[in-house]
Amino acid sequence: MLTIGKFKARLIRPNHPDWLLVGVDTKDDSRLYILGNGGMSNINCAPIESFPEEIKNYAIEMVTQGELYLKGNEKSLRIGQGKSIYSYTLKQIENLLPTSSTTRKIYFSSIFIRWQRSHQLSDEHVQEKLGLTAKEFHQFREDELTITPDLIKKLVEITGVSEQFWKNREDQKNKGFRGGIMKTFKTVTMQKVTTLVCDGCGLEVNADGGYEFQEFISINHYCGYGSIHGDGKKIDIDLCQQCFADMCGDTLRATDESNKLTQEEKAVRRIRLNVAIFLMRFTNQKLKHVS
Ligand SMILES: [Zn+2]
């Protein structure tokens, strides 16, 4: 059950796995919604009336006082049944952004919680599997629990994700993950990516680091007309192979056909694929503008 205290706390933590947003119907500003993390790339959205009344009153008060406001360029998000919403921006968050973009807090627990949600396992269930009490599990989620080798062992057992992954994540957390600049460049005769930082777990690998670097997956996409991120916006993400696999889950297709290809042939294929995607997107864009 969502209490007003929890609601407030979750509203101001955009990087926390339990983030919440308040949304409003694009056609009826008296209809408010609460959006939350539904695991993987899903977003849960429910009418605010399905939460205790004090939460609705608090949200309305924040809107009235301008603490929650709609950005001028806010894009609508379709939520099904022909409805769309705009999500409110929290004034405090806006003010915090300059610092939060350079010192992004990394939650050790967030990947586990995403995994838990996508497998639809209850807190009680995973808590027992991890050998934690309810209080300890709460601390784990809030990153207040000391990560012991035993806990890492349990995480490996339950999720099937490698021990190295959880250790890297712990390491990143202890070092304090610096978000913001995700790629660092070294000037040789041309600019070359020398370090990649995973946006999921913070794993940092450099070009001399061997296969982890080679297997990093970077996605760059220029959004077009109708994009929920905003027309003309560029979105990009760098993911280590483990986080990429975690996010895709069972939807990922893996085939053997490129096994025999040399590095060079693989590179050529990659370029061809990018060109094909670009052309496809370009054509789509044209069509949309014409129609
Ligand atoms: Zn990662």
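**Exercise 1.** Find where Gln-120 lies, then work out whether it is buried or exposed.

*Solution.* Start with the place: Gln-120 sits in the loop between α4 and α5 (123-129), where helices are DSSP runs of H or I with at least four residues and strands are runs of E with at least two, numbered from the N terminus. Residues are numbered from 1 along each chain as its sequence is written. We're working with a predicted model, in which local features need pLDDT of at least 70, side-chain atom pairs count only at pLDDT 80 or more, and totals for chains, interfaces and linings use all residues. Next, the backbone: Gln-120 isn't a glycine, yet its phi is positive, about 50°. Most residues other than glycine have a negative phi.

**Exercise 2.** Which members of the largest nonpolar core touch the most other members?

*Solution.* A nonpolar core is a set of buried Ala, Val, Leu, Ile, Met, Phe, Trp, Tyr and Cys residues joined through C-beta atoms within 7 Å. Among the 15 residues here, pick out Cys-198, Cys-201, Cys-240 and Cys-243. Then see which elements give two or more residues: α4 (110-118), α8 (163-175) and β9 (191-197). The largest share, three residues, is from α4.

Terms used:
A residue is buried if 20 or more other C-beta atoms lie within 10 Å of its own, exposed if 12 or fewer, and partly exposed in between; C-beta atoms are placed from the backbone.
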